[in-house]
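Me: I would like to learn how to read side-chain contacts in a model like this one. Please take one kind of feature at a time.

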Amino acid sequence: MTPSQNLLVLYTGGTIGMEMSESGLAPASGFEARLKAEQALHPERPAPAWRFRELSPPIDSANMRQANWLAMRNAIVQAVDEEGFDAVLLLHGTDTLAYSAAALSFLLLGIQVPIVLTGSMLPAGAAGSDAWPNLFGALAALDQGCLPGVHLYFDGHLLHSARASKMKSEAFDAFVTMARPRHGVHEETLPTALHYRQPRREVTLAVQPLFPGLTATQLQAALANGVEALLLECYGSGTGPSDDPAILAALREARERGVVLAAISQCPLGHVDFEVYAAGSALAEAGLVSGGGMTREAALGKLFSLLGAGLPRSEVERLFAHDLCGEMAD
């Protein structure tokens, strides 16, 4: 909990720095000058000494891709390991803020400085905007001292980066820590391949929610084109159409060719327990691995990090079911 004294503010775009264009609000450069001007107007606000860096070009977070996650990870590792920054504040759009926070949680396992992500629902300068309260609230938290690892700051709260989800599209309290049941074995020793200094690659992932009427043909389409892992969003405690042999066969065939099959619950406060219902145990027998109470954001970020580290499928499956950074266990 050492207060930051040498902070990097890393700007990626998002609503917080947007300006009006002919087609509507769009990402804009030049946010450093706006931040300095705002800080000069309120010198009483606590903030560490900071330097500013922009990932170019700034983007709307709706356009976020794995390549952007890797660019953020690389910029943070360089700032911490090569340039001596003792904390990073990452400014990000809200649409995919929870996804990036979760992904960075797993990409930066073992890092010994705090990384805080924030953004805003309205642009800085807009009447009644939450931009400056969120940004200077995050700066104040870092000035006071945050635990090492990744955090998400929003609406006055420091949230767990691998448990947060965006629940509202307009209100300032858009993000919450999901109170899903967390039952998992904590991985005491971090595998070397998952250390934050180890490089990652992009991964082909797919998400398929179960719904009444899903066909094996539709599922096979989601599993095609080189998919390395499928995140299946199951009903309730991990159930699915166990009376459809074609769907179960499609899952088994995918796993036989090396696809990682992971499962989470569709319920906002649910978790997977395949042993409760026969309809769940059939999915487990087809090769699905339980993600417990993980959110979609955490499960995707975790699969991306594990597969991107080059781990074999058996190790990916084992670690997916173990807690790495508080995403599955307290």
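Reply: Start with aromatic pairs. Rings of Phe, Tyr and Trp (its six-membered ring) pair if their centres lie within 6.5 Å; planes under 30 degrees apart count as stacked, over 60 as edge-to-face, and the rest as tilted. By this rule the structure holds six aromatic pairs. The model is predicted: local features need pLDDT of at least 70 and side-chain atom pairs count only at pLDDT 80 or more, whereas totals for chains, interfaces and linings use all residues. Residues are numbered from 1 along each chain as its sequence is written, and side-chain values use heavy atoms, with hydrogens and water left out.

Me: Why does the pair of Tyr-11 and Phe-31 count as stacked?

Reply: A pair of aromatic rings is described by the distance of the centres and the angle of the planes. For Tyr-11 and Phe-31 the centres are 5.3 Å apart and the planes are at 10°, so the pair is stacked. One aromatic cluster is formed by Tyr-11, Phe-31, Phe-52, Trp-132 and Phe-136.

Me: Are Tyr-11, Phe-31 and Trp-132 buried or exposed?

Reply: Buried means under 20% relative accessible area, exposed over 50%, and partly exposed in between (1.4 Å probe, protein chains only). Tyr-11 is buried at 0%, Phe-31 is buried at 1%, and Trp-132 is buried at 14%.

Me: Which charged residue lies over the face of Phe-136?

Reply: A charge sits over a ring if NZ of Lys or CZ of Arg is within 6 Å of the ring centre and within 35 degrees of the ring normal. Arg-45 lies over the face of Phe-136, 4.4 Å from the ring centre. Lys-302 lies over the face of Phe-320, at 5.7 Å from the ring centre.

Me: How many salt bridges does a search of the whole structure find?

Reply: A salt bridge is a side-chain nitrogen of Lys or Arg within 4 Å of a carboxyl oxygen of Asp or Glu. The search finds 15 salt bridges. In one of them, Glu-32 meets Lys-36 at 3.3 Å, N to O. Both lie in helix H1 (residues 31-41), four residues apart, about one turn of the helix. Glu-32 is partly exposed at 29%, and Lys-36 is partly exposed at 46%.

Me: Which parts does the salt bridge of Arg-296 and Glu-233 tie together?

Reply: The side chains of Arg-296 and Glu-233 meet at 2.5 Å, N to O. Arg-296 lies in helix H8 (residues 296-308) and Glu-233 in strand S13 (residues 229-234), so the pair ties together parts 63 residues apart in sequence. Arg-296 is partly exposed at 35%, whereas Glu-233 is buried at 7%.

Me: How many disulfides are there?

Reply: A disulfide is a pair of cysteine sulfur atoms within 2.5 Å. The search of the whole structure finds zero. The sulfur of Cys-234 is 10 Å from the closest cysteine sulfur, in Cys-267, too far for a bond. Cys-234 is buried at 0%, and Cys-267 is partly exposed at 33%.

Definitions and conventions: Helix = DSSP H or I, 4+ residues; strand = E, 2+ residues; numbered from the N terminus.
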